[in-house]
Amino acid sequence: PGTRRPMAMAAYARTTLCVALRVPLLRPAAGYLARSYRATPALRHLSPESVRATAADVPFTVVDRGGRSHAVVGKEGDNLMYLAHKLQETNPAIVIEGACEASLACSTCHVMISSAHFELLDEPSEVEDDMLDQAPCLTPTSRLGCQITITPELAGMVVSLPKFTRNFYVDGHVPEPH
């Protein structure tokens, strides 16, 4: 009410906000303007390579579209789809497409998991279930490879690739992994 100076209005608004949020009001020293400043401590992150080097090896089998078995080894924490992209460089038969790059917008990374190991996986999200509804060759143990994280409990699992996938690109286009 009345006429207030701009600084007085800012102080009034800050006081009102602090009361509403139930945070203590810090008043600046005489002669200094109030200024909010926050700093977080620097975090030291390990590089992905150093974490991967110390992760446990997890052996499992991939059955390609032709029915041939391939023994592979992943590291704990690897994403199944991205691991398949790495393995594809040395073994072209292990093809998990992943057209949406793990954004849950397609079903081209659809895989079938051995039933014993399927029970060890986390429940699929509703979005993953919706994408699986669009996957051809669906089975009771179907999952999206982009949603599977390799854990030591999955050692010995069998991952079967479906005979084909449905990609909404123009016929014949095969996206390359990044």
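Strands E1 and E2 are joined by 7 bridges in the antiparallel sense; strands here are DSSP runs of type E with at least two residues, helices are runs of type H or I with at least four residues, and both are numbered from the N terminus. Two strands count as paired if DSSP finds at least two bridges between them. The structure is a predicted model, in which local features need pLDDT of at least 70, side-chain atom pairs count only at pLDDT 80 or more, and totals for chains, interfaces and linings use all residues. Residues are numbered from 1 along each chain as its sequence is written, and side-chain values use heavy atoms, with hydrogens and water left out.

The two strands form a hairpin with 5 residues between them. Within the turn, Gly67 has a positive phi of about 90°. One of the bridges places Asp57 with its partner Lys75 in E2.

## The sheet as a whole

The open sheet has 5 strands in the order E2-E1-E5-E3-E4, and its pairing is mixed. Strand E2 (69-75) and strand E4 (142-144) are the edge strands, each pairing on one side only. On average, neighbouring strands of this sheet are turned by 35° against each other, direction ignored; the axes are lines fitted to C-alpha atoms, for helices over the stretch in contact, and angles between N-to-C directions run from 0 to 180 degrees.

## Strand E3 and its partners

E3 runs antiparallel to E4, with 3 bridges joining them. His110 stands opposite Leu144 in E4, and Val111 has Arg143 of E4 as its bridge partner. E3 also pairs with E5, again in the antiparallel sense, over 2 bridges; here the bridge partner of Ile113 is Val159 in E5.

Both faces of E3 are covered. His110 and Met112 on one side, and Val111 and Ile113 on the other, are all buried, where buried means under 20% relative accessible area, exposed over 50% and partly exposed in between (1.4 Å probe, protein chains only).

H3 lies across strand E1 (57-63), E2, E3 and strand E5 (158-160), and runs at about 115° to E2. Contact here means heavy atoms within 4.5 Å.

Asn91 is placed in the loop between helix H3 (80-88) and strand E3 (110-113). The side chain of Asn91 makes a polar contact of 3.0 Å with the side chain of His70. Such a contact is a pair of N or O atoms within 3.5 Å; within protein, one must be able to donate a hydrogen and the other to accept it, and residues adjacent in sequence count only if both atoms are side-chain atoms. Asn91 and His70 are 21 residues apart in sequence and 8.9 Å apart in space, C-alpha to C-alpha.
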